[in-house]
Amino acid sequence: MLPYPFTPFSLNIRGRIVEIKKPQVMGILNVTPDSFYAGSRTETLTSIRSRVRAMMDEGADIIDIGAYSSRPGAADVTPEEETERLRRGMEALRLEAPHVMVSVDTFRASVARAAVEEMGVDIINDISGGDLDPDMAPTVAALHVPYILMHMRGTPSTMQQLTDYPDGVTADVITSLSRKIDALRLRGVADIIADPGFGFAKTVEQNYELMRHLPELSRLLEVPLLVGVSRKSMFTRPLGITPAEALPATIAANTLALTAGAAFIRVHDVAPAVQARAVVALTFPTSHNSPCQ
């Protein structure tokens with residue numbers, strides 16, 4: 001894969017323009033009892049604070065907090081319970097990292113609004129790209145926050161039966177996300193980040209096709225790309241390993257994504273991702289891509 005240079009951009013974070021000069025490492029904070037990777041689960045204030053402190057010490061740029069597991073077969077959670085979990089999580093998070101940029105992983109507009117308006121979350125990260133809640137797009141527009149738009153079909157419980165892409169998975173992802181980006185622009189949403197949705201309504205082979213075509217996605221979508229592959233089944237199934245054993249494969253894929261121009265990598269393990277970013281920057285140095293910035 002040839003390097004596709006990272007392009008600096010800016011985000012409007014609560015009225016403050018933040019210049020993004022290098023790929024961002026997004027640490028995963030799951031305030032859930034049932035996320036697919038057991039090592040990422042935190043429920044008590046003590047465990048949340050400990051995980052946040054560790055991620056910050058390792059160099060996380062953003063923390064992505066989620067209170068609803070999108071793992072196939074996970075128990076449903078009401079909007080009220082999801083919101084309450086987020087309140088507890090944000091309380092603990094801000095005790096350890098009062099100024100870090102935070103995104104909320106939710107597909108519910110009501111939860112997203114509460115997280116932004118009442119809890120101080122900066123970015124909305126929606127795995128459904130607005131498909132699971134028609135109120136999400138107008139809510140994002142009204143809140144004036146950056147929006148992570150992910151490609152998925154169906155719901156977390158049905159998505160793996162929806163992997164038929166007659167024109168190829170890459171073409172479908174580009175077409176689907178492009179249409180949604182255009183619709184969001186018309187609503188006045190300024191800061192959009194695209195996520196191809198690795199592992200969501202994709203077979204193992206389709207995930208690797210998307211990985212090969214990341215430079216094409218970046219060029220055609222014309223928005224920053226987020227890649228989230230950490231410890232996923234695209235590694236565990238073909239390699240015959242568990243999520244707990246998938247860190248080396250994750251590092252390899254994140255390195256490929258960074259050389260392809262990914263602007264964000266969403267990870268369970270922050271320190272290896274930060275090191276991978278530094279190695280890519282040293283290998284493909286530019287005036288704006290320095291491991292020391």
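**Notes on the predicted model**

1. The protein folds into 10 helices and 10 strands; here helices (H or I, at least four residues) and strands (E, at least two) are DSSP runs, numbered from the N terminus. Bear in mind that this is a predicted model, where local features need pLDDT of at least 70, side-chain atom pairs count only at pLDDT 80 or more, and totals for chains, interfaces and linings use all residues. Residues are numbered from 1 along each chain as its sequence is written, and side-chain values use heavy atoms, with hydrogens and water left out.

2. On overall shape, the C-alpha trace spans about 45 × 45 × 45 Å along its principal axes.

3. Of the 293 residues, 55% are buried (under 20% relative accessible area; exposed is over 50%, partly exposed in between; 1.4 Å probe, protein chains only). If you look at contacts between residues at least 6 apart in sequence, 67% join residues at least 24 apart; contact means heavy atoms within 4.5 Å.

4. Now for Arg266, which sits in strand β10 (residues 264-267). Is Arg266 buried or exposed? Arg266 is buried, at a relative accessible area of 16%. Its side chain makes a polar contact with the side chain of Asp105 (3.3 Å). A polar contact is a pair of N or O atoms within 3.5 Å; within protein, one must be able to donate a hydrogen and the other to accept it, and residues adjacent in sequence count only if both atoms are side-chain atoms. Beyond its neighbours within four places in sequence, Arg266 contacts residues including Asp64, Asn125 and Gly228.

5. Leu221 belongs to helix α7 (residues 214-221) and is buried too, with a relative accessible area of 6%. Setting aside neighbours within four places in sequence, Leu221 is in contact with Ile174, Leu177, Ser178, Ile181 and Ala194. Its C-alpha atom and that of Val173, 48 residues apart along the chain, are separated by 9.8 Å.

6. Last up is Tyr68, in the loop between β4 (62-66) and α2 (79-96). Not counting residues up to four places away in sequence, Tyr68 touches Thr32, Asp76, Val77, Glu82, Phe107 and Arg108.
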